[in-house]
Structure formats: C-alpha cells, structure tokens
Amino acid sequence: MDKFNVEHLDLYYGDFKALKDINLKLPANEITAFIGPSGCGKSTFLKSLNRMNDLVEGCKITGKVTLDGEDIYGSNMDVNVLRKKVGMVFQKPNPFPMSVYDNITYGPRTHGIHKKSQLDEIVERSLRGAAIWDELKDRLNKSALGLSGGQQQRLCIARALAVQPDVILMDEPTSALDPISTSKIEDLVLELKKDYTIIMVTHNMQQATRVSDRTVFFLLGEVIEDGKTEELFSMPRDKRTEDYITGRFG
Ligand SMILES: Nc1ncnc2c1ncn2[C@@H]1O[C@H](COP(=O)(O)OP(=O)(O)OP(=O)(O)O)[C@@H](O)[C@H]1O
C-alpha cells in the first residue's frame, strides 16, 4: 500500500521553481532514500510532505499530495494533525535546551497529555523505540545538551516517536555523526521500518544501499529515476543516474 501519492507537484520559492512535476508513490513500511547533488530539491521535497514549506515566505505549491488517500493540501487538512502523523528528524541533532524527559514529553504535552504516569510511559516507550533507553534511563532529568552527538540524534528520533507518527522524514540524519553513531542510527532505522514509513535524504550512497528499499534520484528539481534500490544502483535506466552513482558528476 502507498503511504504518500504525489501527483504533478510543482513548488516555487518566489519565481524560482524548485520542484518540477514530481510524480511519486511512496510505499508504507518501507524505507525510501532520496539521493542527488546539492541543491537539487531533496530537502524541499521532504518538507512538502509535512507542509514545513508553509513556513517559508513566498513558497507556492501546485499539484496534489495525499497521505493515506487524504489530500494534505486540501482545505480540510489540519496541519497540526498532519505534522503529528509525519514527524521529522534533521541533519544536525537539535534537542531542546531542557532535560531528556522534557524533550520527549514536549510533543505529547502540546497534544494535551499531562498525566505523569502516561508521560512516564511515553518516555520509556519512545526511548526504547529509539534504542537508547538503557543509556538514558538514569539521565532522564539531565540536560539533553550534555549528550553525545549520536545520543542526541537518537533522542531526537525518540522525540519524533513520542507523538506516535506514521511516517518519519529524515533529512541526512547521520551526516553530522561519526561512523559508530552512524551505524547505530542505520540499525535503528532498519528496526523502525516494522512500524513506520521512513523517507530519508542522504548524501551517502552506501547508506542508501545499506538501508533503503527504494531510491529516488533527483536532479535540478526533477525526479530522474525511482526504483528498487538494488536495481537503481546495479542497473540504472537513465544515463544521468549512472553518471551520478558512479561519481562522474555531482
Ligand atoms: N527558503 C528558500 N528560499 C528560496 N530558495 C530556497 C529555499 N530553500 C531552498 N531553496 C532553493 O531550492 C533549491 C533546492 O534546495 P534544497 O535545500 O531542497 O536542495 P537539497 O537537494 O536538499 O540540497 P542539499 O543536498 O545541499 O541539502 C536550491 O536551489 C535552494 O537554493
């Protein structure tokens, strides 16, 4: 089943057309990787899936994006509900300057959960979900800013899990991390696939081959090729994909 269906999506920043006629189906409970040279529109596309681009002045969108069949740009869509369903993890770990516990409970409290026992349960479930409970269970009241970069990123993943999303968007989630932390996040992403749909931008093509089921290659705001990761990397259909993955340009 497809989680997202994107049809004829165009996105403008003022007069600049950053996304051009994007047509994609993103399957549920799979990991889709987005690759492509810097500035080709990967992050812009990711942010069009939870309407983060609404926050950018002068940004205009045409076309249709549905999530579970519902038009996310339709007049009935509640953006807060959408962003609860479609969580996001950024390139640079960005814990809030507060305790581990408060980071995780921030979202649930915003959504009206205030009972201590419920919040405690969410904290444990989310930290376990992000494979960091054992490391942090005795540090719940310590500042999140004192954690290592890798721990901070897993905390940010736990924070995204705390509001029980369906989809997790990840924008280069390991590019600021060392190889050991990167490998832990990759293992975690593979584990999360059982319960979530994951859409991940990565500059690291080995990472795309290690974790993703499907890969989409973007160039200059367009989708050039989209397919099973194994096939796209072993038998690219488009010469531009082949040039990119073999390092001949980009
Ligand atoms: N807020 C904005 N206002 C105007 N132009 C923007 C804005 N955000 C991005 N752009 C432009 O849109 C294009 C796509 O940018 P985007 O960040 O989506 O690319 P990307 O493929 O994610 O790049 P990178 O891999 O370097 O992160 C670029 O030309 C960029 O300069």
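Trainee: What covers the buried residues of helix 7?

Mentor: The cover includes strand 3 (31-35), helix 6 (149-161), strand 7 (167-171), strand 8 (197-201) and helix 8 (205-211). Contact here requires C-beta atoms, placed from the backbone, within 7 Å. Helices (H or I, at least four residues) and strands (E, at least two) are DSSP runs, numbered from the N terminus.

Trainee: What kind of model is this?

Mentor: This is a predicted model, in which local features need pLDDT of at least 70 and side-chain atom pairs count only at pLDDT 80 or more, while totals for chains, interfaces and linings use all residues. Residues are numbered from 1 along each chain as its sequence is written.

Trainee: Which residues of helix 7 are buried, then?

Mentor: I185, L188, V189 and L192 are buried in helix 7. A residue is buried if 20 or more other C-beta atoms lie within 10 Å of its own, exposed if 12 or fewer, and partly exposed in between; C-beta atoms are placed from the backbone.

Trainee: Why are those four said to lie on the same side of helix 7?

Mentor: Because they cover an arc of only 105 degrees around the axis, they are on the same side of helix 7. The arc is taken from the directions that run from the helix axis to the C-beta atoms. The exposed residues P179 and I180 are carried on the face turned away from that buried side.

Trainee: Changing topic, what surrounds the ligand?

Mentor: The residues around the ligand are Y13, F16, A18, G36, S38, G39, C40, G41, K42, S43, T44 and V56.

Trainee: How many of the shell residues are nonpolar, polar or charged?

Mentor: Five are nonpolar, six are polar and one is charged. Ala, Val, Leu, Ile, Met, Phe, Trp, Tyr, Cys and Pro count as nonpolar, Asp, Glu, Lys and Arg as charged, and the others, Gly among them, as polar.

Trainee: How many bridges join strand 1 to strand 4?

Mentor: Eight antiparallel bridges link strand 1 (residues 2-13) with strand 4 (residues 59-67). The partner of N5 in strand 4 is T66, and D10 is bridged to T62. In strand 2, N5 has K25 as its bridge partner, and L9 has I22.

Trainee: Which residue in the turn between strands 1 and 2 has a positive phi?

Mentor: G14 has a positive phi of about 60 degrees, in a hairpin with two residues between the strands. Strand 4 and strand 5 also form a hairpin, where D68 in the turn has a positive phi of about 50 degrees. L67 stands opposite E70 in strand 5.

Methods. Pairing = 2+ DSSP bridges. Contact = placed C-beta atoms within 7 Å. Near = placed C-beta within 6 Å.
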